[in-house]
Amino acid sequence: MQSILNASLFVSASGIMSLVAGFVSSVVIARLLGAEGTGLTALAVWVAITAAIISSTGVPAIVLRYISRQENTAEAQNGLVNLLYRRFLWPVLLASTLFLAYGVGDYFFEGLNNALVWGIAGLICFAYAQGHYVIAADHGLGHFHKTAQKTAWGCALQIPVTIAGAVFFGPAGAMAGYLCRYLPQAFGLSAYKHPSRTEGIEITPQMVRYGQSNWLTIVLDTLVKTRVEFLFIGFFFTVTEVGYFAVGVTFSSLILQLSLYLAAGLTPGFGKLHDDHAREDLQLSYDRALRWLSLLLVPVSLGGAAVMPALIPLAFGQDFAAAIPIGTLLVLFALPQALSAVMLSAMLAFEHDRPLLLINIVFAGILVILNLVLVPVYGGVGAAIVRGLIGVFAFAFMLTYCHKALGLSVNLVAMAKLLVSGVACAATASIIVFFIDGLPGLLLAIPGAAFVYLAFLRLIKPFPRNDLNALGRLISDKFPCRVQPVALRALAFLQ
């Protein structure tokens, strides 16, 4: 469990940097380009990233799961990366080329500005795909610090490039910031070129099957958990309505991305415990992972939903007031979607990829049907309701599956105590922003809600003693000396 927490520290640090850079970029784009420009940028970036995920054909999942099973030499591990890269490259190049071709065609119908949008989308597609291929190799070998370093460089580039690009080139220029965000990871492939040995490395049918099932699962999961609603809203309404939904989904996306970063070490960590037949340690790690992830995300989700009426106009301007109900619903229901990352990691570690694929097929189909029914009538609010319902039912189903099929149980009493604390936190924030408008209300609501949340945690004590002891050892071993006293005092408050 300590190795998983150690991995999560590095990935979380890089994730927080990425979230901050992404949020600032979203605010800049909304302020400079308005709802229409925001909608076009968000749609193009989402399509580019979705195309990158589809064209990767599951190869990064194979690298992530199986690179640690190679001989413990750089030559063998690099050999697997390079051997699989040959399968990975051509579909990604094809997808990126199609974007560029579409941009050339769009030049004759819509003009240079739209052509540049889709041209840069093609470059984002390639950079994102290759960057995540490199991240899979880094994480599979436990080199989480490398991801953190490359993320820091990308985030340092993203914000100034987004600002300058949006001012001088509009949506296409703003998208250049996202391109710069993924370039450091993409260039990281050079670290796996030498030394390399591909002789004797076998890509087994099981590895291929695992990658294909995982690929289909991720593609469907992308549709369910990201921004496929852009397509429905754009079809039935206008790109301006897409802009409202893009602003509304910004905060829930932060929560979902944060959960992925926090849970990034779980799949290889659970997989190692499963391969070593360390059943008790695996059960303990699974239960703790869900509990500690809930500790962080419950107040962020429930409390965040309570302050959306004040936060969205403050961040994006009064022109985006129509996004408030959308943002409130999405942030509220982001919690079960985010916590599903733990069950997803467990199912992948057990190589139960086929059931996971079937789950995502069913929920993706329901998502499409409900969006076709509700979006034409209720617009972005209808899309938010659909996403929330899908997230709740998917979480409940996966939690039940892990309990019955994998034998992994959860301390439901502790989870209920965390939920009660989160509801108290949200109620406090809601009351404050209701009576005090604007920035003053927000500045009072956030610390007030945090105080109530901590007070409830202290009162009802949701964490077993062995959880706190394990975290205390991790703080003593891994945290910087200057941070340790503060962290240990905060931990003592929960005891």
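Trainee: Leaving aside neighbours within four places in sequence, which residues is Leu329 in contact with?

Mentor: Keep in mind that this is a predicted model. Setting aside the neighbours within four places in sequence, Leu329 is in contact with Val381, Ala384 and Ile385. Leu329 itself belongs to helix 12 (residues 324–332).

Trainee: Is Leu329 buried, partly exposed or exposed?

Mentor: Buried means under 20% relative accessible area, and exposed means over 50%. Leu329 has 23%, so it is partly exposed. Compare Lys150, in helix 5 (residues 144–169): its relative accessibility is 14%, so it counts as buried.

Trainee: What does the side chain of Lys150 make a polar contact with?

Mentor: The partner is the side chain of Asp138, at 2.7 Å. Beyond four places in sequence, the contacts of Lys150 include Val134, Pro184, Gln185 and Gly188 as well as Asp138.

Trainee: How do the axes of helix 8 and helix 9 cross?

Mentor: Angles over 145 degrees count as roughly antiparallel. The axes of helix 8 (residues 229–236) and helix 9 (residues 239–262) cross at roughly 150° and come within 8 Å, so the two helices are roughly antiparallel. Their crossing is right-handed. Glu229, Phe230, Ile233 and Gly234 of helix 8 make the contact with Glu241, Val242, Phe245 and Ala246 of helix 9.

Trainee: Which classes of residue does that contact of helix 8 with helix 9 have?

Mentor: Five are nonpolar, one is polar and two are charged.

Terms used: Residues numbered from 1 in each chain as written. Predicted model: local features only at pLDDT ≥ 70, side-chain atom pairs only at ≥ 80, totals over all residues. Heavy atoms only, no water. Helix = DSSP H or I, 4+ residues; strand = E, 2+ residues; numbered from the N terminus. Buried < 20%, exposed > 50% of the residue type's maximum accessible area, 1.4 Å probe, protein only. Contact = heavy atoms within 4.5 Å. Axes fitted to C-alpha atoms, helices over the stretch in contact; angles between N-to-C directions. Parallel < 35°, antiparallel > 145°, perpendicular 65-115°, else oblique. Left-handed = near helix turned anticlockwise from the far one by under 90°. Nonpolar A, V, L, I, M, F, W, Y, C, P; charged D, E, K, R; others polar. Polar contact = N/O pair within 3.5 Å; in protein donor to acceptor, adjacent residues only side chain to side chain.
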